[in-house]
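Hi there,

Here is the structure I promised to pass on to you. Please have a look at it first, and then read my notes below.

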Amino acid sequence: MSITEYFNLLFTDYTLRTISLGTSVLGAICGMLGSFAVLRKQSLLGDAISHAALPGIAIAFLITGAKDTNILLLGALVSGLIGAFWIRGMISKTHLKSDTALGLVLSLFFGFGMLLLTYIQKQPNANQAGLDKYLFGQAATLVESDVLLMVLVTAIALVVVLLFWKEFKLLLFDQDYANTLGFNTRVIDILITFFIVLAIVIGLQTVGVVLMSAMLLAPAAAARQWTSSLAVMVFLAALIGGFSGVFGTAISATQNNLSTGPVIVLVASFFVVVSFVFSPTRGLLFKQIRLIKNRRDLQLKKTLQFMYGIAQTHENIDHPHTIRILNNFQGFTKKSLRKMEENQWILLNKQQWSLTLKGFTEAQNLFNQQTQHE
Amino acid sequence: MSSPQIEIQIIAALVAVSCAIPGVFLVLRKMALISDAISHSILPGIVLGFFITQDLNSPLLIILAAGTGIITVVLVERIQKTGLVKEDTAIGLVFPALFSVGVLLIAKNANDIHLDVDAVLLGELAFAPFDRFLLLGIDAGPKAAWIMGVILLITLSLLYLFFKELKVSTFDVGLSSALGFSPAILHYGLMSVSSVTVVGAFDAVGAILVVALMIAPAAAAYLLTADLKKMLWLSVFFGVFAAISGYWLAHWLDSSIAGSITTVLALVFLLVYFFAPKKGLLSVMYRQKQQRTEVSLLTFLLHLNNHQETQERHINHLREHINWQQVKANTVVGLALDNNLITITNEVISLTTKGLSFTQTALEYIITNKDDKIEHLKDDFFLFRG
């Protein structure tokens, strides 16, 4: 199946449409809430929470014995929240650092979850097959009701984010200030954490425990490179997340044996790499170009300064000098001299150069910050 | 106990010890999550190594996969150095991408390889004794035990040789580089040891248990002691204890060995987390409560000291004035009475000579803010603590 065929099928094939819609909505909500996680320096919270959700799924199954997605997800939500708040408690009450706390919750909850899962597998009722889809995720098992749930959660999250926009923003950038203004930062904090956990739990079924953290992080990290405004970043991250979902599904649908979750993550990672390199203000490419440009500019000014030193010893500044006397000074090339002529700093006449008045004043004011440069 | 059972326990204990040692340093250096990242991102290395060697236990595969682990660390550092994202974001970006590559490699070549993501992530210790190591045609025990034994031997000898350097660079990077130990070499040395350990252990116990065995014993030990050597011993003890008792839990429940070892680790950590003598949750909360009462007591005494008028020192007025609840006021007044800092006559509170000198010393501390004033204050004046 080729990509164009995929997009044709998208409008006709029911299953493919459901899955694509699901992954794009998931990408969007993860991007939106992930922005907050990244800016709060809780990038790896997603990793810990997604692992911590596993025992909840197993316990929910053990209690109800049913494989209803919503009940399992409720279990995941509860144990994810316990994990999230235990991490906070550990960091604030003991001297264990956040990395240790995250790693502990991640591995201990997950190991306990594994114990329960293998225990369930040995149980006589054969109803349990399919629980391990939460480990690696299977976008193919998405049905309409799952997608509806995702849309619903996204809508609620969107409303809450819009309602508490000011509070969220304040908490992100200046918690102490938020405190002094009388906001209950604890409640706002819990609200954000709750929605991040919710987004993770929703995504488990599609991309699985391991890759969930990337869904949360990658769109936000990519969006961060293009803007410094929170609103734009959240919007961009949602967009990038949504696109990663659609493209990932498209690519995995067009090839045999390509699981959707990993492909979505790789597409999102691709967006991150592109953003890292090509973002106009923060990107590595333009940063490098700016660096080279500045270096050249500095070189030019250094030459000018050297010429100024020579010209100062003569009575009239436009007294011509041979280029040869610049030879002691290593910072000039034919190209840079021509560039200086273009700037009207010097006049070149065969093997001679002379400083113009413009060049002279430029050099004079080189260390004077008040001078306006073009 | 049958011979495979003993072998499984030996392997589990070997893994536990070889994970605990680098784990201590990772936790102390605030790099615990690197172990998680490595344990996931070695997947493509393992798959590629498997394509080449066709043997999950070949040393070449271990070296290749450990190489991927190092690449992860280097990538994370590179990304972090660009300043575009924070360190944790860098970790979170690198390992899922590498893991995805590994998953897709497996999925694409599912017919050619006997490798399964479940197995890498979760491991199956129960099968470890089936893979025998043949030395000159004689059965010399399970291969996994030999691999982990060699890794442990290397780790132990490196620890013995570079203990001093590791210690200094862990607690004071500046001092260690001033003394001429290269922090970079030690850093990458530690990372290499961690990678090799993770790779060696993944086949036996799976990636997640490796993370648990690295972090949990070290974290529990860290709550119990502040001495590096004791911490190493304690975490080795916790690791081995969890490995052996976890095996029997799995035996009893008929479930995953890796899962039950982790569960025992979780129980051990919880126990320590709640009940550690000085740094445990309960003792921290008790201490905080004690400190709150003692600070209130100080405020109360300073207030008394400020007011000579009887109506200001009347017991009912005080409650109003400092705005305390009944219970809290009772606690504070009771504590002050117990310590002979105040006397109450006709419902008017006055400072005793002892209370007066306590207040003076405390005031002096507040004004000069010198720590030596407060050090002995509580010991000198308090018969009972809050």
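Where the two chains meet, 52 residues of chain B are in contact with 46 residues of chain A; two residues count as in contact if their C-beta atoms, placed from the backbone, lie within 7 Å. This is a predicted model, in which local features need pLDDT of at least 70 and side-chain atom pairs count only at pLDDT 80 or more, while totals for chains, interfaces and linings use all residues. Residues are numbered from 1 along each chain as its sequence is written, and chains are lettered from A and ligands numbered from 1 in the order in which they are written.

On the side of chain B that touches chain A, the elements giving two or more residues are helix 2 (32-53), helix 4 (87-108), helix 5 (117-122), helix 9 (207-224), helix 11 (257-275) and helix 12 (281-306) of chain B. Helices here are DSSP runs (H or I, at least four residues), numbered from the N terminus. Helix 4 of chain B gives the most to this side, with 13 residues. By type, the residues of the side of chain B that touches chain A are 33 nonpolar, 12 polar and 7 charged. Ala, Val, Leu, Ile, Met, Phe, Trp, Tyr, Cys and Pro count as nonpolar, Asp, Glu, Lys and Arg as charged, and the others, Gly among them, as polar.

Now for one pair of helices. Helix 5 (residues 98-121) of chain A packs against helix 2 of chain B at an angle of about 45°, with their axes 7 Å apart. The axes are lines fitted to C-alpha atoms over the stretch in contact, and angles run from 0 to 180 degrees between N-to-C directions. The two helices are therefore oblique to each other (under 35 degrees is roughly parallel, over 145 roughly antiparallel, 65 to 115 roughly perpendicular, and the rest oblique). From helix 5 of chain A, A:Asp99, A:Thr100, A:Leu102, A:Gly103 and A:Leu106 meet B:Ala32, B:Leu33, B:Ser35 and B:Asp36 of helix 2 of chain B. The residues of this contact divide into 4 nonpolar, 3 polar and 2 charged.

Two lysines are worth a look too. Most residues other than glycine have a negative phi. A:Lys41, however, has a positive phi near 55°, and A:Lys41 sits in the loop between helix 2 (14-39) and helix 3 (45-64) of chain A. B:Lys30 has a positive phi of about 60° and lies in the loop between helix 1 (3-28) and helix 2 of chain B.

Happy exploring!
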